[in-house]
Amino acid sequence: MESEGSRVVVPRNFRLLEELERGEKGIGDGTVSYGMDDADDVYMQSWTGTIIGPPNTVHEGRIYQLKLFCGNEYPDEPPAVRFQTRINMTCVNQETGLVEARLFPMLAYWRREYTMEDILMQLKKEMFSPQNRKLAQPPEGNEEARVDQKGLIVNCCIL
């Protein structure tokens, strides 16, 4: 019998299945979406996300592709989040596209209740922030090569 104040901890795979189902249904106004990167990934580790840049910012109308990697400790630990599309934001490493946890409070102060949807929505909100809304952005349509954490070349472009 459970004591008062204890909570049920949803297992990792059930949590990820819930997030997958929610991602497939679509989020809000359609400017943020996410889903599995590889349907054959039985561990549900590799995800892809999309953010359409918010209006009245330098990001307006741009389509940003991201990769989210949920390790074995997710949701107790945050996923690794990396922009595939080149973007200039204060919380993003310009060489790798990695969202720097120490510069992005949601990752720095991660809570188990947070979801990938929350991360994408918060990144979109961050595009509105005074320090990011007018930052010069890489030209659209230019294909760039980016070195990822393992030293592999990742080709990306702004669609």
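I started with α3, whose buried residues pack against α1, β1, β2, β3 (63-69), β4 (80-83) and α2 (105-108). Contact here means heavy atoms within 4.5 Å, and buried means under 20% relative accessible area, exposed over 50%, partly exposed in between (1.4 Å probe, protein chains only). Helices (H or I, at least four residues) and strands (E, at least two) are DSSP runs, numbered from the N terminus.

A note on what I am reading: this is a predicted model, where local features need pLDDT of at least 70 and side-chain atom pairs count only at pLDDT 80 or more, while totals for chains, interfaces and linings use all residues. Residues are numbered from 1 along each chain as its sequence is written, and side-chain values use heavy atoms, with hydrogens and water left out.

Which residues of α3 are buried? I found M116, E117, I119, L120, L123, K124, E126 and M127. I also checked the length of α3: its 13 residues reach 19 Å from first C-alpha to last, close to the 18 Å expected at 1.5 Å a residue. The expected span is 1.5 Å times one less than the number of residues.

Next I turned to α1. The 14 residues of α1 (residues 12-25) should span 20 Å at 1.5 Å a residue, and the end C-alpha atoms are 20 Å apart, which agrees. In α1, I listed R12, R15, L16, E19, L20 and G23 as buried. Seen down the axis, these buried residues fall within an arc of 140°, so they line one face of the helix; the arc is that of the directions from the helix axis to the C-beta atoms.

What do the buried residues of α1 pack against? They meet β1 (32-36), β2 (46-52) and α3 (116-128). On the other side of α1, F14, E24 and K25 are exposed, with F14 at a relative accessible area of 53%. After α1 comes G26, and its phi is positive, near 95°.

Last, I zoomed out. I counted 3 helices and 6 strands, in the order α-β-β-β-β-α-α-β-β along the sequence. Of the 159 residues, 43% count as buried. Among contacts between residues at least 6 apart in sequence, 51% join residues at least 24 apart.
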